[in-house]
Every structure is written in structure tokens, then in C-alpha cells.
Amino acid sequence: MKYDFDLENRKEARKKLIIKIIITMLEVVAVLVLAFCVTHFGMETYTVSGEEMKPTLVSGDKILVNKISYRLHSVRRNDVVVRMSGSEHNYYSVQRVIGLPGETVQIKDGQVLINGEQLEEKYDFETMENGGLALEKITLDEDEYFVLCDNRNNGEDSRNASVGNILEDNIVGKAWIRMNTIEFVGWIDGFSDKTLNQSTSSEEEASSE
């Protein structure tokens with residue numbers, strides 16, 4: 001019996017080529033599916049508008065919103081979150097979580113009280129001039145959060161009747177990375193510089209006098 005080795009080699013090469021093409025096509029499909037899932041269910045970009053979160057975030061900052069994070073764990077105090085608001089036309093805004101479900105929140109003498117105890121905050125926020133709705137004690141339901149702007153005296157947040165307590169279902173995700181500088185939002189600290197600059201300015205004014 002004679003064998004046509006060239007024919008067998010061509011068949012084998014063609015078989016390998018077909019398998020390689022199929023694998024490549026599957027890889028492309030997998031990448032496209034992954035990209036779709038990440039874009040629509042995992043990550044989303046958002047452009048900050050306004051100065052409500054200054055100095056942490058300023059108008060024009062582009063941030064990457066992690067929409068998976070709160071599928072893995074609950075919202076935490078001090079998280080900077082992107083929430084959806086508006087009834088007819090949805091829009092997004094960014095605030096910092098202060099009060100958690102089941103807690104009592106009050107703003108007294110410009111300071112935040114959680115369950116009657118003064119909240120020790122991570123940053124040196126300016127003293128609030130108006131406690132708004134939180135001048136009286138607010139008890140959060142099991143699906144509600146109390147949020148504040150970092151620019152405490154120039155923004156609308158849970159102190160305002162137009163915003164109020166935030167429902168968990170309205171939280172889109174966690175503000176994760178500022179794309180301008182590729183920096184984690186939770187690590188951004190513009191408050192120390194602000195405090196230092198204020199101190200320096202005060203010293204310079206005192207010296208000039």
C-alpha cells in the first residue's frame with residue numbers, strides 16, 4: 001500500500017490552520033464579550049461637573065466608576081460614590097458617604113454626629129455653616145445613606161430637601177480612579193495642602209502686619 005505523504009501533510013496543515021482560526025475567533029469573541037460586560041456592568045467613565053467635591057475632585061475630572069465593587073461588599077463610610085438622581089431625566093452626581101443604614105445622623109455646630117457621637121473624619125473639611133435637614137436627627141432606613149459634598153458650603157447633598165437620603169438602588173458605583181492622573185480617588189488628599197496653604201497665608205499676613 002502506498003501513501004501520499006504530501007497529501008497527508010497538507011491535510012494535517014489544513015486541519016491545524018482551521019483549528020487555529022477557530023481558536024482565534026473564540027478569543028476575539030471572548031474579548032468582545034468581556035469588554036461589553038466591563039463597560040456595561042463593571043466599569044464606566046464619568047466626567048465631574050461642578051465644584052461640589054473640591055478639592056478631591058474638580059470640574060472636568062474624568063473618573064472611572066467601579067460598578068462591581070458593591071456587588072461584592074456593602075457601601076462603606078467615606079466612600080466617594082456616584083449616584084443617579086432625577087425622575088424624568090436621570091443625571092449623575094458625586095458625593096461622599098457619611099451615614100450608613102440604621103444610623104442616626106445630625107449636624108450640630110457644624111459637626112457631624114453619628115448616633116450622638118461626633119464623627120472623626122479623615123480629612124480636614126471646613127465647618128458647615130448650614131446643617132439643613134440634619135439640624136434635627138435623621139434616622140436612616142435599612143436601604144438609605146446620608147451623603148455630603150467635600151466642598152461642604154458649596155453644594156447640594158443630603159442636607160437639602162431636593163436630595164435627601166440616598167437609596168441604595170440609586171448608587172451607580174464607587175468613584176475609583178481619577179483618569180487625569182491615574183490616581184485612586186480614595187487616596188486623593190487635597191485637604192492637607194489646603195490647610196497648609198491657609199496656614200502659610202495667615203503667617204504671611206501676620207508677618208506683613
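About 40 Å³ of space lies in the largest cavity of this predicted model, where a cavity is a set of points, on a 1 Å grid over the protein atoms alone, at which a 1.4 Å probe fits but cannot get out. The grid points are joined across faces, edges and corners, and the volume is the space filled by probe spheres set on the points. A search of the whole structure finds one cavity of 30 Å³ or more. The lining, which consists of residues with an atom within 4 Å of a point, is made up of Glu44, Thr45, Tyr46, Val65, Val82, Tyr92 and Val172. By class, five of the lining residues are nonpolar, one is polar and one is charged; in this scheme Ala, Val, Leu, Ile, Met, Phe, Trp, Tyr, Cys and Pro count as nonpolar, Asp, Glu, Lys and Arg as charged, and the others, Gly among them, as polar. The largest share of the lining, three residues, is contributed by strand 1 (residues 43-47).

Residues are numbered from 1 along each chain as its sequence is written. Because the model is predicted, local features need pLDDT of at least 70 and side-chain atom pairs count only at pLDDT 80 or more, while totals for chains, interfaces and linings use all residues, and side-chain values use heavy atoms, with hydrogens and water left out. The chain has a mean pLDDT of 82, with 81% of its residues at 70 or more, pLDDT being the predictor's confidence in each residue, from 0 to 100. Confidence is highest in strand 9 (residues 144-148), at a mean of 97, and lowest in helix 3 (residues 191-208), at 45. Over residues 194-209 pLDDT stays under 50, and for this stretch the model has one contact beyond four places in sequence, a contact meaning heavy atoms within 4.5 Å.

The chain has three helices and twelve strands, which are DSSP runs numbered from the N terminus, helices being H or I with at least four residues and strands being E with at least two. Of the 209 residues in the chain, 33% are buried, where buried means under 20% relative accessible area, exposed means over 50% and partly exposed lies in between, with a 1.4 Å probe and protein chains only. Among contacts with a separation of 6 or more, 59% are between residues 24 or more positions apart.

Strand 1 and strand 2 run antiparallel and are joined by five bridges, with Ile63 in strand 2 as the bridge partner of Tyr46. Strand 2 is mostly covered, since four of its five residues are buried. Strand 2 (residues 62-66) is in turn joined to strand 11 (residues 171-178) by four bridges, again in the antiparallel sense; within this pair, Val65 has Ala175 as its bridge partner and Asn66 has Lys174. Strand 3 (residues 80-85) also pairs with strand 11 in antiparallel fashion, through three bridges, and Val82 stands opposite Gly173. Strand 11 and strand 12 (residues 183-184) are antiparallel as well and share two bridges, with Phe184 as the bridge partner of Ile177. In the hairpin formed by strand 11 and strand 12, four residues lie between the strands, and Ile182 takes a positive phi near 50 degrees.

An open sheet of four strands has the order 7-6-5-8, with antiparallel pairing. Strand 7 (117-118) and strand 8 (138-139) stand at its edges, each with a single partner strand, so one side of each is left without a neighbour in the sheet. Strand 5 (residues 104-108) is joined to strand 8 by two bridges, and the partner of Thr104 in strand 8 is Thr139.

Some backbone features in the loops were also examined. Most residues other than glycine have a negative phi, and most peptide bonds are trans. Asn78, however, has a positive phi near 85 degrees; Asn78 lies in the loop between helix 2 (69-72) and strand 3 and is partly exposed, at 25% relative accessibility. Asp109, which is not a glycine, has a positive phi of about 55 degrees, and is placed in the loop between strand 5 and strand 6 (111-114), where Asp109 counts as exposed at 70% relative accessibility. A cis peptide bond, with omega of about 10 degrees, joins Lys54 and Pro55, and Pro55 lies in the loop between strand 1 and strand 2.

Lys54 and Gly155 are 101 residues apart in sequence, and their C-alpha atoms are 9.9 Å apart in space. Gly155 lies in the loop between strand 9 and strand 10 (166-167) and is partly exposed, with a relative accessible area of 25%. When residues up to four places away in sequence are not counted, Gly155 touches Glu52, Cys149 and Asn160.

Terms used. 1 Å grid on protein atoms, 1.4 Å probe; cavity = no way out; pocket = protein on both sides within 12 Å on 5 of 7 lines; lining within 4 Å. Pairing = 2+ DSSP bridges.
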